[in-house]
Amino acid sequence: MKRTLLILLFFAYSISQAQELSITGSVKDDSNQPLAGATILLKTIENDTLIKATISNIEGVFLMENLKLNSYKLEISSIGYAKFEKQFELKKTTNLGEISMTQSEETLDEVLVEAEKPIVQVLADKTVFNVENTLNTTGTNAFELLRKAPGVLIDNSGGIIVEGKAGVQIYINDKPSVLRGDDLQSFLKGLQADDIASLEIITQPSSKYDAAGNAGIINIKLKKNKSLGTNGNMNSSLTIGDYARINNGLSFNNREKGHNLYGSYSNRFGKSTNYLYLLRQQNGIEFDAKTNSIFDSNSNNFRIGYDFFASDKSTIGAIVQTNFNNFFSDNNSRTPIRQIGETSFDSILIANNRSHTISKNLSTNLNYRYSDTLGRSLNIDLDYGKYDRDGNAFQPNIYYGSDEMEILNQNITRQLTPTNIDVWTAKTDFETNFLNGKLASGFKFSNVVTDNNFQFYDIENSVESLNKDRSNRFEYRENINAGYINFNKKWTKWSFQGGLRVEQTISEGNLRSVQNNQNQTVKRNYTNLFPSGGFTYQLNRINQFAINYSRRIERPNYQSLNPFEYKIDELSYRRGNPFLQPQYTNNFKLSHTYKYKFTTSLSYSHVSDFFAQITEAEGERRNYIMERNIANQKVWNLGISWPFKLQEWWNVYVSLNGSTNSYKSDNPDFQPISQETLSFYAQNTIALPAEISMEISGWYSSPTVWGGTYQTKALGSLNLAFQKKFLDENLSAKIAMNDILYTAPWRGNTRYGNLYIQGQGGSDSRNIVFSLSYNFGSQQIKKARDRKTGLEDESSRIQ
């Protein structure tokens, strides 16, 4: 049946092409590498009339369609190369094959387009990490992939740090993700690296972007194919750590002249492990908590989109995305308790907790794009997202005597935590030529409603009763209205980009409980201005300088504002802070690029009202974690990135970042911290005999700071991968070994007031992965990057 369908699609495609002719080819430089960005002109020989114009893509490939029988002249030009000309008579659809360009002997002061597709591309406004060009993505997912991106670190809680700063906004195909926190991690872990084309690290976003994100934006670009006809990819990987788990993915694309239908599905099934050891000293008592966890996740992600090309200038599109995650957690915790200095234990707390969480996310988008030949474009997006999460945690806390035979007392509880969040957004962007530059402006309106219902049950003799004193309901509404203007212009060697964004935030949080709580209602209404801008100077063909500035905001996650408690165990819990204020960042960055490969950057950031992760003592034995605006942060960062070739068969990429973090607070309980951190990532891609590729990569981070209070030790990872392609390179088989030396687990300590914690934790990061990936269908044009939608910024703050 499948073969019959493919044959019918092939004949349908062939018949449709019989009515029109096309020309395709591949542009190479003098070292036989793909030449991207070459200008291709097709003219008639008779009167030199221009018929078609295009540029070669990143693989050097170009395509011209809808042509008639005629005699043509093809002209190909690229800065730094002599012009190529070819005359021919077009009688049928023609593949011109590989076209080699030769370097020009003329001296040019213009930008030289690099032909080779590097692992990392440093552009004027962002750094692009080309995932498709690295082998060690084998069987990995989007979350693990972030560790390998230049200038990016993952801290011990799964937080993402860029150039020494936390507060990164994750975008999916140019728009903010719906999820945040644990749910964002679950989504990213279910998204296979094979489905990702590139990661874009935007540390100085312009006013066109939402102002949220102290450290900027990481934009995950998913693959999308522009080949006519039907094509796609199937992939599957098996990861073997402490347990086995599997990732599967399927993507397809059906593109015709008037429309494009595309979609993808990915999943993640199986178990993983985690451990967390916390040695806490408080009020003369020592708590040596050791928790070992087994996570069983069933994650499913589905995306389908449709574009209708109403005309050469107008496109109407729609996208539906869903995410479903069924998550089980078994946490076995043992906490011996004793007086500091004593050798015997007073008691031992055993808390073998079980939790089950079901999260469902749906986002929809309607979009319209207009673009004409006069430089004018209009984009309109209407989005709606719905997020539901149901949590059920069973927590038996049993205190034993020192021999673990006698039960001293017990406290058995259950917490039900349903959460519902609805997000509506509307956004418009307009761009036009102005004063020999580009002027852009736009508006955005968003509305968010969250409902968090915390139900706490005491269990005695297997009978559950609602504890109203410890149960509550938190409702939060937020409306953000924004507008921006942005202008960019280029002169001979200079380019300028500058803009201003204004955002008004109106919010109200209401806590319902039987307790008389002063935090029951919190209202806010504030307006902020966010300027941004920068200059780029092209000294000559191999040296480029840039200086940029931007002001950013990081609003609290919705759950961070919720004052009810999330119990970690009987003695430790997390509490929200309804009075948590936004934190603001001023970013300055100076960078230099040499030969469009070797990049050096120096940045400085000042964060006011930093979200510090404070662990405070409560009473004699309990402690809680809460985010508080308790300090200001200063960050200096020096970054170096360099892709280079040692031999024709050996490519190397190196990324190095050195940062200094310092925190200052007027609170006497906050211990002032200053920490220098060095982070390093290196990747070697080696071509072996029998057309086998090998990749050796690794990352390292020296001691750093988490949450402004936790000083962590050095950690890193060494990885090895091999790849072999079959069936005309349509089938790829890969094997990867991750964290070979098992150096990824973290260690650290924190002190606040009279409380001190020494901790360590990790997962089954040392594993082996087997992966297969198969491309099917029409492959006339190589896969190309494209943008489509996720949802808006406000919904990205969901935890």
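Reader: Which residues have the most contacts inside the largest nonpolar core?
Author: Leu146, Ile196, Leu199, Ile218 and Ile220, in a core of 25 residues. A nonpolar core here is a set of buried Ala, Val, Leu, Ile, Met, Phe, Trp, Tyr and Cys residues joined through side-chain atoms within 4.5 Å. Buried means under 20% relative accessible area, exposed over 50%, and partly exposed in between, with a 1.4 Å probe and protein chains only. This is a predicted model, where local features need pLDDT of at least 70 and side-chain atom pairs count only at pLDDT 80 or more, while totals for chains, interfaces and linings use all residues. Residues are numbered from 1 along each chain as its sequence is written, and side-chain values use heavy atoms, with hydrogens and water left out.

Reader: Which elements each supply at least two residues of this core?
Author: Helix 2 (142-146), helix 3 (181-190), and strands 10 (152-154), 11 (160-162), 12 (168-172), 14 (196-202) and 15 (216-224). The largest share, 4 residues, is from helix 2. Helices (H or I, at least four residues) and strands (E, at least two) are DSSP runs, numbered from the N terminus.

Reader: What is Ile218 in contact with, leaving aside neighbours within four places in sequence?
Author: Leu146, Val152, Ile160, Val162, Val168, Gln169, Ile170, Tyr171, Glu200 and Ile201. Contact means heavy atoms within 4.5 Å.

Reader: And what does the second core include?
Author: Ala38, Phe62, Leu67 and Tyr72 are among its 19 residues. That core is separate.

Reader: In which sense do strands 1 and 7 pair?
Author: Parallel, over 5 bridges, with strand 1 covering residues 21-28. Thr24 has Asn95 of strand 7 as its bridge partner. Two strands count as paired if DSSP finds at least two bridges between them.

Reader: OK, salt bridges. How many in the whole structure?
Author: A search finds 23. A salt bridge is a side-chain nitrogen of Lys or Arg within 4 Å of a carboxyl oxygen of Asp or Glu.

Reader: Which residues are linked in a network?
Author: Asp210, Lys444, Arg501, Glu503 and Arg555. Asp210 and Arg501 meet at 3.0 Å, N to O. Asp210 sits in the loop between strand 14 and strand 15, and Arg501 in strand 28 (residues 494-512), 291 residues apart.

Reader: Asp210 and Arg501: buried or exposed?
Author: Asp210 is buried, at 5% relative accessible area. Arg501 is buried too, at 3%.

Reader: What about Arg555, which residue does it bridge to?
Author: Glu503, with the closest N and O atoms 2.6 Å apart. Arg555 is in the loop between strand 30 (543-554) and strand 31 (565-567), and Glu503 is in strand 28, 52 residues apart. Arg555 and Glu503 are both buried.

Reader: Where are the partners Lys386 and Asp422?
Author: Lys386 is in strand 22 (residues 377-400) and Asp422 in strand 24 (residues 419-434), 36 residues apart. Their side chains meet at 3.5 Å, N to O. Lys386 is partly exposed at 31%, whereas Asp422 is buried at 15%.

Reader: What is Lys360 in contact with, leaving aside neighbours within four places in sequence?
Author: Asn323, Phe324, Lys386, Tyr387 and Asp388. Lys360 is in strand 21 and partly exposed at 39% relative accessible area.

Reader: Thr357, buried or exposed?
Author: Buried, at 13% relative accessibility. Thr357 is also in strand 21, which covers residues 347-371.

Reader: Last one. How many helices and strands in the protein?
Author: There are 3 helices and 46 strands. Of the 799 residues, 53% count as buried.
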